[in-house]
Amino acid sequence: MENVERTEIQHMLERSDYVEKENRCLKDLLDRAGISYEQTGASKHTQEDIFDPNQGGRIQYVEITDELANRLFSRFWGRQDVYSKRYVKKGTGEAGYYPQCNYFWPEKCPRKTGKKVKGMDCFSQSRNKLDIVVLKRHLEGKAADASDVIGNYPLLPDDTCRFLVYDFDNHEQDTGKEDARDADEKWKEEAEALREICCQCRQWICSQDHRDSSKCP
């Protein structure tokens, strides 16, 4: 019973947060269009006034139930017949994502005999399916090395998708991987333009600065 109540509370908080963001977006559109509207005492506060810099302090522990995992996955619905998993190369420390296979390194795997075969061309490939156990491990994030972090594939077998991901950064040739996004601030303007378009089309959107997770509005 307690878990159900927690799930319901979390759902209401998510809904309240969504409505608040949509309200701010609509008011921003009205302001830009020069259209006046009545403001209540609560709405007179600017986003800067209500923003808490210690976003991490607002995080509350919520038990990841099957229902909650499925609900979150519905926001980022991708293929369920295959998924990738985060892996860090010991030599370089570089992280990457690799499709999970049932025959990775067992006797049927060509790597056992020293053959270099791409996953898509492997005659023994048997992709791991994305299930509720994998989803819950990803959301719980208990692995210190983040080895429980997964990646899904948005493009479905029928060439359709249910969500889009945009990556805004700087791709100048003279900038390194770590400093590429700091070369200029144009990516911020582009990201804001996308937010405005989504608001006008009444589409749900979530943005995050991956260099600082506290800047996720």
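Let's start with the sheet in this predicted model: three strands form an open sheet in the order β2-β1-β3, and their pairing is antiparallel. Strands β2 (95-99) and β3 (150-151) stand at the edges, and each has a single partner strand, so one side of each is left without a neighbour in the sheet. In general, strands of a sheet pair through backbone hydrogen bonds, either parallel or antiparallel.

Now look at how β3 is held to its partner. Strand β1 (residues 84-88) is joined to β3 by two bridges, and the two strands run antiparallel.

Stepping back, the protein chain contains five helices and three strands.

Together with Ile-9 and Met-12, Leu-13 makes a nonpolar surface patch of about 300 Å².

Finally, some figures for the whole protein chain. The chain has 217 residues, of which 19% count as buried. Its accessible surface comes to about 16800 Å², with 51% of that belonging to carbon and sulfur atoms. As for contacts between residues at least 6 apart in sequence, 56% of them join residues at least 24 apart.

Terms used. Residues numbered from 1 in each chain as written. Predicted model: local features only at pLDDT ≥ 70, side-chain atom pairs only at ≥ 80, totals over all residues. Heavy atoms only, no water. Patch = residues over 30% accessible without salt bridge, like charges linked within 9 Å, V, L, I, M, F, W, Y side chains within 5 Å. Areas by Shrake-Rupley, 256 points an atom, 1.4 Å probe, with all protein chains shown as cover. Salt bridge = Lys/Arg side-chain N within 4 Å of Asp/Glu carboxyl O. Pairing = 2+ DSSP bridges. Helix = DSSP H or I, 4+ residues; strand = E, 2+ residues; numbered from the N terminus. Buried < 20%, exposed > 50% of the residue type's maximum accessible area, 1.4 Å probe, protein only. Contact = heavy atoms within 4.5 Å.
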